[in-house]
Amino acid sequence: MESTAPLPAKGRPREFCVDEALSKALGVFWAKGYEGASMADLTDAMGITKPSLYAAFGNKEALFHKALDLYEAEKLAYTREALKQPTARGVAEHFMRGAIEAQTSTCDPKGCLGVISAAACGAEAESIKADVIARRASSQEALIERFRQAKRDGDLPDHVEPESLTLYLYAILQGMAVQSGSGASRAELERVVETSLMMWPTA
């Protein structure tokens with residue numbers, strides 16, 4: 001259900017759609033990163049004033065955390081589906097192909113919001129980096145547990161460590177995000193996936 005918030009104006013207050021405004025803010029953060037997104041960029045994209053932004057979302061940092069929640073819910077849904085795949089290789093493939101779909105969408109900016117924001121620097125960005133890192137750690141732990149189950153099921157060789165395999169897959173995913181943000185084509189990213197799958201350990 002969409003929520004609305006009052007938009008200060010002379011005379012009768014107008015309302016704006018909070019969900020739509022948050023979606024617009026996500027687009028700005030995704031395209032420019034946390035530090036690169038100015039308040040003017042955000043309010044212009046959201047179609048609201050600074051007082052309205054503060055009233056509805058808090059400060060810029062709080063707005064980013066909410067935008068990151070939306071990003072995970074909408075843009076990273078494929079990661080939750082990936083964990084349900086019947087084999088470890090299937091899990092990895094779903095992760096990588098889902099990443100390509102997200103990173104090459106013509107409707108969204110290129111690259112990964114988490115990777116972009118984790119590279120932010122400066123005192124103001126410390127809590128942002130900490131949040132991104134904590135979210136990534138939670139996602140990695142879920143993937144590690146899925147690979148542990150695959151190992152118990154005999155789907156992975158005994159010598160393969162789930163923790164190391166998770167780090168390997170994340171290195172590929174983050175590398176793809178950086179390449180996508182730097183202009184790599186979908187075909188080039190697909191070749192990364194195919195090569196990675198050829199090297200995937202099997203029992």
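Helix 2 (residues 39-46) and helix 3 (residues 50-57) pack with their axes 10 Å apart and at an angle of about 85 degrees, where axes are lines fitted to C-alpha atoms, for helices over the stretch in contact, and angles run from 0 to 180 degrees between N-to-C directions. The two helices are therefore roughly perpendicular to each other, given that angles of 65 to 115 degrees count as roughly perpendicular, under 35 as roughly parallel, over 145 as roughly antiparallel and the rest as oblique. Met 39, Leu 42, Thr 43 and Met 46 of helix 2 make the contact with Lys 50, Leu 53, Tyr 54 and Phe 57 of helix 3, contact meaning heavy atoms within 4.5 Å. These residues divide into six nonpolar, one polar and one charged, with Ala, Val, Leu, Ile, Met, Phe, Trp, Tyr, Cys and Pro counted as nonpolar, Asp, Glu, Lys and Arg as charged, and the others, Gly among them, as polar.

This is a predicted model, in which local features need pLDDT of at least 70 and side-chain atom pairs count only at pLDDT 80 or more, while totals for chains, interfaces and linings use all residues. Residues are numbered from 1 along each chain as its sequence is written, and side-chain values use heavy atoms, with hydrogens and water left out.

Within helix 2 lies Leu 42, which is buried with a relative accessible area of 0%; buried means under 20% relative accessible area, exposed over 50% and partly exposed in between (1.4 Å probe, protein chains only). Leaving aside residues up to four places away in sequence, Leu 42 touches Ala 25, Val 28, Phe 29, Leu 53, Lys 60 and Leu 63.

Among the buried residues of helix 1 are Ala 25, Val 28, Phe 29 and Trp 30. Helix 1 bends by about 80 degrees at Trp 30, the bend being the angle between axes fitted to the seven residues ending there and the seven starting there. Helix 1 (residues 18-36) spans only 22 Å between its end C-alpha atoms, whereas a straight helix of 19 residues would span 27 Å, the expected span being 1.5 Å times one less than the number of residues.

A further packed pair is formed by helix 6 (residues 88-103) and helix 10 (residues 186-198), at an angle of about 170 degrees and with axes 10 Å apart, and these helices are therefore roughly antiparallel to each other. The residues of their contact divide into five nonpolar, two polar and seven charged.

Overall, the protein chain has ten helices and two strands, defined as DSSP runs numbered from the N terminus (H or I, at least four residues, for helices; E, at least two, for strands).
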